[in-house]
Amino acid sequence: MKNQLSTEDIRQMMLQLSDHMISAETMLTNLDSAIGDGDLGMTMVIGFTEIKQRILGESFGSISELLLSCADAFAQKAASTFATLLISMMKAAGKEAEALTFVDTPKAAQLFDAAVASVQKRGKAQLGDKTLLDALIPAADSLRCSSESGLLLPEAALRAQEAASAGAEKTINMKARTGRSGYLGDRTIGQKDPGAAAIVLILQSFTSYIV
């Protein structure tokens, strides 16, 4: 269990995440095919393969440098709506991490808040619009509450993962309001949002490393 994450910890965490997201290709493709254009699984394979190649065997001077490098690597190869938002999240977290030498619960909350703000600014979506924010915002809110309660990172990560999962499940009964899925309207009801599902996978991977 890790109460703090160093730059090397986060590099290892991103390598593990890359493997997890690549292995989830079929699941994400199936979810995205139901209410999107079906490219989410391949986007994750392309983007995270590039991240893995970029950071494997490399050392980074700071958390910020690492996160910004991951964002740049993903941007080099992957092009989709979700890719644009994920790149935005990594860039925002990387910029927010400029002064950080480690990540604990308060700093994790800080990075997730920055990621949420970047997605809202770029995508103009809100909680309840059936997007990745329906998983990301509950996770960020949970981390902030954990920080205020003084919880250590393993417990905070578990709670954030649970909050993200619950948020993603709620999207099943939502109607998409934005993006490509928004054109399908009522036909999106009954399907989990693929972006929210991807956020849950990311939180699960992070938590498995921390805990």
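Let me start with one term: a residue is buried when its relative accessible area is under 20%. Phe-74 comes in at 0%, so Phe-74 is buried. One caution before I go on: this is a predicted model.

Now, the partner of Phe-74. The structure has one aromatic pair. Phe-48 and Phe-74 form that pair. The geometry is edge-to-face. The ring centres are 5.3 Å apart, and the planes stand at 85 degrees to each other. Where do Phe-48 and Phe-74 sit in the chain? Phe-48 is in helix α3, residues 40-55, and Phe-74 is in helix α4, residues 63-77. They are 26 residues apart, so the pair links distant parts of the chain. Is Phe-48 buried or exposed? Its relative accessible area is 1%, so Phe-48 is buried.

Next, charges. Side chains of opposite charge can pair when their charged atoms come close. How many salt bridges does the structure hold? Eight. I will walk through some of them.

Stay with helices α3 and α4. Asp-72 makes a salt bridge with Arg-54, and the closest N and O atoms are 2.9 Å apart. Asp-72 belongs to helix α4 and Arg-54 to helix α3, so this bridge ties together parts that are 18 residues apart in sequence. What about exposure? Asp-72 has a relative accessible area of 34%, so it is partly exposed. Arg-54 has 28%, so Arg-54 is partly exposed too.

Move on to helix α8, residues 153-170. Here Arg-159 and Glu-155 meet in a salt bridge, at 2.9 Å from N to O. Both residues lie in α8, four residues apart, about one turn of the helix. Arg-159 is partly exposed at 41%. Glu-155 is partly exposed at 33%.

Helix α8 has another bridge to show. Lys-192 and Glu-169 meet at 2.6 Å, N to O. Which parts does this pair tie together? Glu-169 is in helix α8, while Lys-192 is in the loop between α9 (179-182) and α10 (194-210). The two are 23 residues apart in sequence, so the bridge joins the loop to the helix.

Asp-113, Asp-141 and Arg-144 are linked in one.

Now the surface. Which residues form the positive patch? Lys-91, Lys-95, Lys-121, Arg-122 and Lys-124. Two elements give two or more residues to this patch: α5, residues 81-96, and α6, residues 105-123. Take Lys-95 as one of the members. Lys-95 sits in helix α5. Its relative accessible area is 54%, and exposed means over 50%, so Lys-95 is exposed.

Glu-96 is in helix α5. At 35% relative accessibility, Glu-96 counts as partly exposed. How far is Glu-96 from Arg-54? In sequence, 42 residues; in space, 21 Å, C-alpha to C-alpha.

To recap. Phe-48 and Phe-74 pair edge-to-face. Arg-54 and Asp-72 form a salt bridge, and α3 and α4 are the helices that hold them. Arg-159 and Glu-155 pair within α8, and Glu-169 of α8 pairs with Lys-192 in a loop. The positive patch draws on α5 and α6. That is my tour.

How values were computed: Residues are numbered from 1 along each chain as its sequence is written. This is a predicted model: local features need pLDDT of at least 70, side-chain atom pairs count only at pLDDT 80 or more; totals for chains, interfaces and linings use all residues. Side-chain values use heavy atoms; hydrogens and water are left out. Patches are made of residues with over 30% relative accessible area and no salt bridge: like charges are joined within 9 Å, nonpolar side chains (Val, Leu, Ile, Met, Phe, Trp, Tyr) within 5 Å. Accessible areas come from the Shrake-Rupley method with a 1.4 Å probe; for residues, only the protein chains shown count as cover. A salt bridge is a side-chain nitrogen of Lys or Arg within 4 Å of a carboxyl oxygen of Asp or Glu. Lys and Arg count as positive and Asp and Glu as negative; His and the chain ends are not counted. The place of a charge is taken as NZ of Lys, CZ of Arg, CG of Asp or CD of Glu. Buried means under 20% relative accessible area, exposed over 50%, partly exposed in between (1.4 Å probe, protein chains only). Rings of Phe, Tyr and Trp (its six-membered ring) pair if their centres lie within 6.5 Å; planes under 30 degrees apart count as stacked, over 60 as edge-to-face and the rest as tilted.
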